[in-house]
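Student: Could you take me through this structure by question and answer, keeping to what can be read from the model?

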Amino acid sequence: MASYVIEGGYSLDGSIRPQGAKNEALQIVSSVLLTPEEVTIHNVPNILDVNNLIDLLRQIGVKVTKLNEEGSYTFQADEVNIDYLHSEEFLSRSRALRGSILMAGALLGRFGYALFPKPGGDKIGRRRLDTHLIGFQELGASCDYDTEKQSYILRGENLRGKYMLLDEASVTGTANILMAAVLAEGETTIYNAACEPYLQQLSKLLVRMGAHIEGIGSNRLTIEGVKSLHGAEHTMLPDMIEIGSFIGMAAMTNSQLRIKDVSIPDLGIIPQAFRRLGITIEEQGDDLFIPRHPNGYEIDTFMDGSILTVADAPWPGLTPDLLSVFLVTATQAKGSVLIHQKMFESRLFFVDKLIDMGAQIMLCDPHRAVVIGLGGRHKLRPATMVSPDIRAGIALLIAAMSADGTSVINNVEQIDRGYQDIAGRLNALGARISRL
């Protein structure tokens with residue numbers, strides 16, 4: 001188990017470019033299974049979860065070539081070994097990588113068969129698979145559960161289009177159903193579809209591969225199935241979660257930071273939400289510039305003077321992956337805020353570690369926490385902590401960077417799953433982070 005040793009109290013200064021989007025990468029990389037032709041993808045993030053998925057594709061027979069160190073790859077799935085799905089190696093690797101479930105839609109659409117284990121991943125509460133499985137069944141696939149292997153088996157050699165209303169606007173569920181539907185016979189309508197930028201990116205790539213999709217960017221997708229798809233080229237968006245993490249980090253450490261090439265139109269409500277915490281964010285071209293806040297930053301209130309609530313919601317609402325960053329950033333603001341995590345049930349359970357560091361937080365229930373900002377009057381105390389998941393891990397790293405002293409974060413492999421060489425990149429800006 002690796003650890004970070006963080007010497008807190010240092011400001012950052014300079015420019016940083018966000019990595020490619022992790023959540024997009026898991027969808028896009030899985031989609032290469034839909035065609036036997038070559039697919040070229042740029043700006044693939046060099047992070048553990050994505051690398052594990054790429055390695056899983058290699059094991060199933062996909063030819064993978066890394067073109068450069070900037071994250072450009074070619075993939076060719078012309079010799080896929082379906083029998084590998086039954087191996088203990090595949091089941092073990094897939095179980096440890098929740099994103100591997102995105103292979104199911106592509107495999108089912110092209111080969112009429114998919115198998116995937118009940119997935120693991122972050123310990124942030126239950127994340128149902130009903131949306132995925134019901135969507136596949138609506139297209140005509142059968143679904144069986146193998147209790148011995150704890151795996152789902154999907155069969156559907158003659159998928160047919162269908163109108164479906166999803167029970168929730170699941171991003172991965174929508175992506176999986178979409179990948180199966182593009183090769184199904186006839187017309188499929190997915191209503192209450194997720195419409196996050198990453199889902200839009202997947203849709204645009206599929207169109208370049210020859211799919212017929214209407215309604216991209218809306219919650220109603222109409223797909224006219226085609227018999228086959230061909231190769232294409234795609235460049236991933238910058239990671240909005242990493243961008244938000246850098247914004248919160250800059251404010252917490254009183255830093256001056258330029259975040260370059262962020263694709264501002266695809267950030268949605270994120271900059272506006274950070275501004276409500278009192279953080280100054282300047283849009284300069286396609287960069288975000290966060291100046292130092294020598295007098296601190298003050299949380300806004302609602303118009304009637306009541307306490308501000310920051311809550312997650314499906315796009316175009318605020319992504320749940322950033323609520324941990326909003327929470328930790330608020331601990332050093334002036335004022336109070338209610339953080340309401342609606343979409344997951346265990347993502348706030350890291351706040352006890354921040355309380356041990358001196359943060360004033362009241363955990364109301366598994367979904368709500370009230371943060372009373374210290375307003376910079378008292379720095380957080382250093383601590384030894386364990387990262388429970390990717391997003392809590394980055395929040396603890398931000399807290400440690402702002403603390404008065406040296407902190408240790410264990411199990412940082414969790415952070416590595418979502419953030420590319422984060423210690424090295426931050427040290428280049430003035431941080432003091434070493435890895436053990």
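Student: Which hand does the crossing of α1 and α6 have?
Tutor: This is a predicted model, in which local features need pLDDT of at least 70, side-chain atom pairs count only at pLDDT 80 or more, and totals for chains, interfaces and linings use all residues. Residues are numbered from 1 along each chain as its sequence is written, and side-chain values use heavy atoms, leaving out hydrogens and water. Helices are DSSP runs of H or I with at least four residues, and strands are runs of E with at least two, numbered from the N terminus. A crossing is left-handed if the near helix is turned anticlockwise from the far one by less than a right angle, and right-handed if clockwise; that of α1 and α6 is right-handed.

Student: How are α1 and α6 directed relative to each other, roughly parallel or roughly antiparallel?
Tutor: The axes, lines fitted to C-alpha atoms over the stretch in contact, with angles from 0 to 180 degrees between N-to-C directions, come within 11 Å and cross at roughly 15° for α1 (residues 22-31) and α6 (residues 171-181). Angles under 35 degrees count as roughly parallel, over 145 as roughly antiparallel, 65 to 115 as roughly perpendicular and the rest as oblique, and therefore α1 and α6 are roughly parallel.

Student: Where does Pro 316 lie?
Tutor: The peptide bond leading from Trp 315 into Pro 316 is cis, with omega near 15°. Pro 316 belongs to the loop between β17 (308-311) and α10 (323-330).

Student: What is phi of Ser 263 near?
Tutor: Ser 263 sits in the loop between β14 (256-259) and α9 (270-275). Its phi is positive in a residue other than glycine, near 60°.
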